[in-house]
Amino acid sequence: MPLGHEMRGRVGMWCLIAAESAIFSIFVVAYLYYAGKSLNGPTPREVLHLPVFDSICLFSSSFTIVMAERAVAQGKMRFFGIWWLLTIVLGAIFIVGTAREWYHLIYVDGLTISSSLFGTTYYSLVGLHAFHVIAGLTGLSIIMIVTALGQVKQEHASRIEVFAMYWHFVDAVWVVVLTVVYFIAI
Amino acid sequence: MSNAESVLKPMTVSPAREHTRPLFDQVHDWIVTVDHKKLGLMYTLYGIVFLVIGGLEATAMRIQLAIPNNHFLSPQTFNQLFTMHGTTMVFLVGMPLLFGFANYLVPLMIGARDMAFPRLNAFSYWMSAMGGIILYFSFIGGSGLYGAGGAPDVGWFAYAPLTSPAFSPGHSTDYWIIGLLVSGVGSIGTALNVVTTVLCMRCPGMTLGRMPLFAWLNLVTSSLVLIVISPLTAAQIMLLIDRYLGGHFFDTQAGGSAVIWMHFFWIFGHPEVYVLIIPGFAFASEIIPVFSRKPIFGYAIMVAATLSIGFLSLGVWAHHMFTIGMTSYANAFFTASTMAIGVPTGIKIFNWLGTMWGGKIRLTVPMLFCIAFLFQFLIAGLTGIMLSASPFDWQLGNSYFVVAHFHYVLIGGLVFTIFAALYYWYPKVTGRMWNETLGRWHFWLFLIGFHLTFDFMHVPGVLGMPRRIYTYEAGRGWEVWNMIISVGVIFQIAGILFWVVNFVWAYFKGKPAGNDPWDAWTLEWSTSSPPPDYNFAKEPVVRSRRPLWDLKHPEDPDWKYE
């Protein structure tokens with residue numbers, strides 16, 4: 001299968017995803033290696049609660065962004081704008097959920113990044129993912145502003161698609177982080 | 001040469017054009033450029049500048065170690081010098097030089113106008129440049145609030161817990177972390193660019209099976225960079241969390257592990273060696289065939305061997321950690337996997353020999369460097385196999401034997417091929433030819449210096465001299481060897497001086513080189529020297545692995561046999 005010039009955005013994004021995956025792998029390995037090795041509490045079982053609603057929101061945003069991709073490919077810019085905005089809202093709900101969870105952990109449960117090994121690895125891994133969600137939200141918002149100004153057209157569909165790959169990756173990483181943090185190492 | 005020029009119709013680009021413009025405009029052009037050739041040159045020059053700096057650091061250490069009980073350097077300075085020497089040579093010399101060549105040559109070899117993402121290319125270059133500046137700023141800014149330190153002094157692999165705030169106060173270690181983080185971003189950007197360029201930007205007819213081995217090997221290198229630089233980045237983020245947010249990743253008193261830093265570092269660190277040496281193989285694979293007047297022997301096997309080296313290199317890292325005390329299963333696994341890498345590497349050496357066998361060898365300077373590389377890399381590989389046996393490593397790990405081994409790989413292997421490549425492509429880049437006599441002086445002096453230094457460095461290692469000691473007592477039998485090692489440096493510096501004089505002289509006074517001075521076969525020799533901004537006036541169409549051979553020999557083209 002020959003790859004032409006038009007594929008370079010996708011190939012480039014796959015490369016970036018490969019590099020990012022390697023970073024996440026190291027943090028996941030560290031999390032699993034240190035699971036249960038903290039010298040003091042609280043333990044994950046005592047303080048962690050499965051973020052069901054937030055996770056559903058984040059996973060749904062992969063669906064809404066696919067709908068946005070389809071809309072822009074067909075030139076339906078109004079629908080694109082709506083699906084894109086919905087994606088931003090869902091991503092934002094996830095981040096707000098993480099913020100609330102962290103607030104509770106820090107001020108009620110007394111778990112901080114320096115309080116124990118669990119705190120260090122938990123905030124690093126979940127924080128690294130949250131950082132990627134925020135980066136994604138920033139990109140989404142910039143595209144939203146440009147869309148609102150009427151600058152995004154059908155011919156930009158392939159670029160939108162490349163950006164959406166990044167967002168899908170962020171969602172996929174959450175599957176791994178969720179499994180590791182809330183199911184395996186609990 | 002005349003044959004080539006008659007076929008290729010050289011395009012005329014006046015070299016005088018550059019010099020007629022105001023200096024400010026010229027400098028401005030270089031700073032804002034997104035052209036792969038200018039960026040490639042800037043990468044290469046950046047690497048050469050730091051090569052000189054790193055070389056001077058090594059020279060200072062060799063002066064200190066030449067005689068026992070020397071007081072030329074203080075222990076603190078010595079620690080800083082070996083840290084900066086190692087970090088510089090790997091991150092600010094090796095990678096930029098190789099990315100420089102990849103940037104300049106990959107688009108030309110695959111018949112493309114530029115890299116896939118020219119602006120990302122410029123961004124990556126300036127990130128790498130900034131990384132080097134940050135690292136070297138530590139000499140004046142590293143003391144920080146506590147009045148301790150200066151340049152980083154924790155060794156290039158910065159083992160925990162030496163890097164914890166208690167043992168590394170001040171900011172010197174932070175300069176090491178941030179400098180490499182920033183240059184790592186640049187490396188990932190360039191690697192991404194090279195992979196995408198090779199996969200998506202090839203000219204019509206340039207299938208993967210017809211690509212020059214240089215492009216193939218750089219594809220493998222850049223793919224490796226993508227997945228091995230990031231573990232280092234991750235580990236450095238953890239270290240920053242430990243140092244500034246009170247984290248416990250590598251804090252043994254809170255249940256953390258110092259050994260896991262070693263794992264994370266060497267998961268990066270060992271494949272990194274292959275990131276450096278595979279481009280060396282790439283140079284040899286282009287230069288040896290041209291000067292043997294034969295196509296490369298076993299093209300497909302060379303690609304397969306490179307891919308398997310890249311793959312195996314991901315599973316050997318803990319051979320750096322035999323002396324830590326691992327389980328016997330881990331020792332056996334990493335011994336076996338390390339020895340396994342010797343197989344594809346051996347295949348490569350036989351293929352290069354097979355290329356030379358029966359060829360009409362022209363002993364020009366680039367070929368001399370390549371032949372020396374073949375023999376030296378063989379020895380480097382053999383000492384590597386010795387060290388891969390864990391019981392042997394328990395005896396000699398962290399001794400000068402190890403230092404001799406990896407310098408044999410990185411100088412005897414890599415630096416020799418880099419010199420070969422610099423001589424080989426210099427006429428293409430500048431349009432002018434260097435002086436053969438001066439080049440031979442460079443080769444022989446550097447060869448003698450290299451062997452004086454690094455052949456004899458194995459001996460004090462076997463006699464028990466550990467690495468990283470700033471001085472030693474007389475009477476241990478190490479004095480003679482250390483003196484010989486240090487004397488070798490003089491020859492190496494003399495060789496380097498011949499090289500610098502040669503290249504500077506040739507830039508202004510060298511004979512015009514023409515488009516194709518070596519009667520070579522890859523596409524970069526089909527355009528003018530130096531190539532125009534647009535590389536090729538007409539997009540090339542390729543029908544075989546040696547497109548220029550086909551052009552020059554229409555009566556007997558390669559594609560008839562494919």
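Student: What is the handedness of the crossing of H11(B) and H12(B)?

Tutor: A crossing is left-handed if the near helix is turned anticlockwise from the far one by less than a right angle, and right-handed if clockwise. The crossing of H11(B) and H12(B) is left-handed. Helices here are DSSP runs (H or I, at least four residues), numbered from the N terminus. This is a predicted model, in which local features need pLDDT of at least 70 and side-chain atom pairs count only at pLDDT 80 or more, while totals for chains, interfaces and linings use all residues. Residues are numbered from 1 along each chain as its sequence is written, and chains are lettered from A and ligands numbered from 1 in the order in which they are written.

Student: At roughly what angle do the axes of H11(B) and H12(B) cross?

Tutor: Axes are lines fitted to C-alpha atoms, for helices over the stretch in contact, and angles run from 0 to 180 degrees between N-to-C directions. Helix H11 (residues 328-356) and helix H12 (residues 365-388) of chain B cross at roughly 165°, with axes that come within 9 Å. Angles under 35 degrees count as roughly parallel, over 145 as roughly antiparallel, 65 to 115 as roughly perpendicular and the rest as oblique. H11(B) and H12(B) are therefore roughly antiparallel to each other.

Student: Which residues of H11(B) and H12(B) meet?

Tutor: Two residues are in contact if their C-beta atoms, placed from the backbone, lie within 7 Å. On H11(B) they include B:Gly342 and B:Trp352, and on H12(B) they include B:Leu378 and B:Gly381. This contact has six nonpolar, six polar and no charged residues. Ala, Val, Leu, Ile, Met, Phe, Trp, Tyr, Cys and Pro count as nonpolar, Asp, Glu, Lys and Arg as charged, and the others, Gly among them, as polar.

Student: How do the axes of H9(B) and H12(B) cross?

Tutor: Helix H9 (residues 258-292) of chain B crosses H12(B) at roughly 120°, and the axes come within 10 Å. That makes H9(B) oblique to H12(B). The contact is made by B:Ala284, B:Ile287, B:Ile288 and B:Phe291 of H9(B) with B:Pro366, B:Met367, B:Cys370 and B:Phe373 of H12(B). By class, the contact has eight nonpolar, no polar and no charged residues.

Student: How many residues of chain A are in contact with chain B?

Tutor: In chain A, 25 residues are in contact with 28 residues of chain B. Helix H1 (8-34) and helix H5 (117-148) of chain A each give two or more residues to that side of chain A. H1(A) gives the most, with 13 residues.
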